[in-house]
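The description moves from the overall make-up to individual elements and then to the ligand.

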Amino acid sequence: MSNSISVESLAKTYRGANELTIFADMTFVVNPGERLALIGESGAGKSTLLHLLGGLDTPTGGAIRFGDTDITRLNQRELADFRNREIGFVWQVQSLLPEFTALENVMMPLLVRGEDPSTAQPKAEKMLAEVGLAARFEHRAGELSGGEQQRVVLARALVGQPKYLLADEPTGNLDEQTASQILDLLERLQAQFQLTSVIVTHSSALASRCTRTLRLAKGGLFAIESNLPPYRAVTMEAQSHV
Ligand SMILES: Nc1ncnc2c1ncn2[C@@H]1O[C@H](COP(=O)(O)OP(=O)(O)OP(=O)(O)O)[C@@H](O)[C@H]1O
Ligand SMILES: [Mg+2]
């Protein structure tokens, strides 16, 4: 199905001196257009799962399909290209380049895919205006407030018109009011760009504004809680055995 994310029998074991199995057999589907919240206690494996979904780490077994593409079967170059074109990333750890301007940061994914600066710039400007930062193009990222930086991260994630958005604690370091503004923005952009998204969060406020919540439990099952109506019937069996 187009724009769905389908995780099949996913397994991840960290090898090494302290071998650690995070999940052994996990299966679930994120439906097209869904905004899925992924919750669970610290160390449960949320970031691990998100990194696997984003092709930033390799699973020990199983498949991860974005539409018809199983990213576990792509070579490094194909994977890098897929990530750049199809997936927008919003990470917990601040990932902007502080010495570069907001505009340069947002242009970056387009330049990486070989787009000419003359066409990348207007797209980046449009996206920054979309997140309410039209007056901040020339500010260095390091000179922006936390909320403004998170807007730049969102603009950078979406400038390349991805189909999927993966976010790890997108409101983690923000005060309640700023977090709520970022959520408004996320909701609006998601509808506008028809994104399918997975958002890792410790915030119940954020989870309650997602279409569905999965709880990743250490050594156990995903519990499933319904959120916003209309809530699609659960079309998944999510399991993780450790
Ligand atoms: N590279 C690694 N090698 C070995 N173990 C790792 C590695 N990365 C993470 N782990 C372990 O895997 C487990 C899951 O980590 P992960 O970062 O996915 O948790 P999380 O659910 O995102 O937690 P938090 O809410 O604190 O961000 C942790 O126990 C962690 O110590
Ligand atoms: Mg984490």
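The chain has seven helices and ten strands. The model is a predicted one. Of its 242 residues, 40% count as buried. Among contacts between residues at least 6 apart in sequence, 69% join residues at least 24 apart.

**The antiparallel sheet**

Four strands form an open sheet in the order β2-β1-β4-β5, and their pairing is antiparallel. Its edge strands are β2 and β5 (69-70), each of which pairs on one side only. Helix α1 packs on this sheet and touches β1, β2 and β4 (61-66). The direction of α1 makes about 120° with that of β1.

Within the sheet, β1 (residues 5-14) is joined to β2 by seven bridges, and Ser 6 of the chain stands opposite Val 29 in β2. Strand β1 is also joined to β4, by five bridges; here the bridge partner of Ala 11 is Gly 61 in β4. Two bridges link β4 to β5, with Asp 70 in β5 as the bridge partner of Arg 65. Strands β4 and β5 form a hairpin with two residues between them. In the turn of that hairpin, Gly 67 has a positive phi of about 60°.

Strand β8 (residues 196-200) is mostly covered, as five of its five residues are buried. Thr 196, Val 198 and Val 200 point one way from the strand, whereas Ser 197 and Ile 199 point the other way.

Two strands run parallel to β8. One is β3 (residues 35-39), joined to β8 by four bridges, and the bridge partner of Leu 38 is Val 200 in β8. The other is β7 (residues 164-168), joined to β8 by five bridges; Leu 166 has Val 198 in β8 as its bridge partner. Between β7 and β8 the chain passes through helix α6 (residues 176-193), and this β-α-β crossover is right-handed.

| Strand pair | Bridges | Direction |
|---|---|---|
| β1 and β2 | seven bridges | antiparallel |
| β1 and β4 | five bridges | antiparallel |
| β4 and β5 | two bridges | antiparallel |
| β3 and β8 | four bridges | parallel |
| β7 and β8 | five bridges | parallel |

**Helix α3**

Helix α3 (residues 102-112) is mostly covered, with eight of its eleven residues buried. The buried residues are Ala 102, Leu 103, Glu 104, Asn 105, Val 106, Met 107, Pro 109 and Leu 110. What covers them includes the helices α2 (76-86), α4 (117-130) and α5 (146-158). Following α3 is Gly 114, whose phi is positive, near 90°.

Which residues are around ligand 1? They are Tyr 14, Leu 20, Ile 22, Gly 40, Ser 42, Gly 43, Ala 44, Gly 45, Lys 46, Ser 47 and Thr 48. Two elements give two or more residues to this shell, namely β2 (20-30) and α1 (46-53). The largest share, three residues, comes from α1. By class, the shell has four nonpolar, six polar and one charged residues.

Conventions: Residues are numbered from 1 along each chain as its sequence is written. Chains are lettered from A and ligands numbered from 1 in the order in which they are written. This is a predicted model: local features need pLDDT of at least 70, side-chain atom pairs count only at pLDDT 80 or more; totals for chains, interfaces and linings use all residues. A residue is near a molecule or strand if its C-beta atom, placed from the backbone, lies within 6 Å of it. Ala, Val, Leu, Ile, Met, Phe, Trp, Tyr, Cys and Pro count as nonpolar, Asp, Glu, Lys and Arg as charged, and the others, Gly among them, as polar. A residue is buried if 20 or more other C-beta atoms lie within 10 Å of its own, exposed if 12 or fewer, and partly exposed in between; C-beta atoms are placed from the backbone. Two strands pair if DSSP finds at least two bridges between them. A crossover is right-handed if, with the strands pointing away from the viewer, the path from the first strand over the helix to the second runs clockwise. Two residues are in contact if their C-beta atoms, placed from the backbone, lie within 7 Å. Axes are lines fitted to C-alpha atoms, for helices over the stretch in contact, and angles run from 0 to 180 degrees between N-to-C directions.
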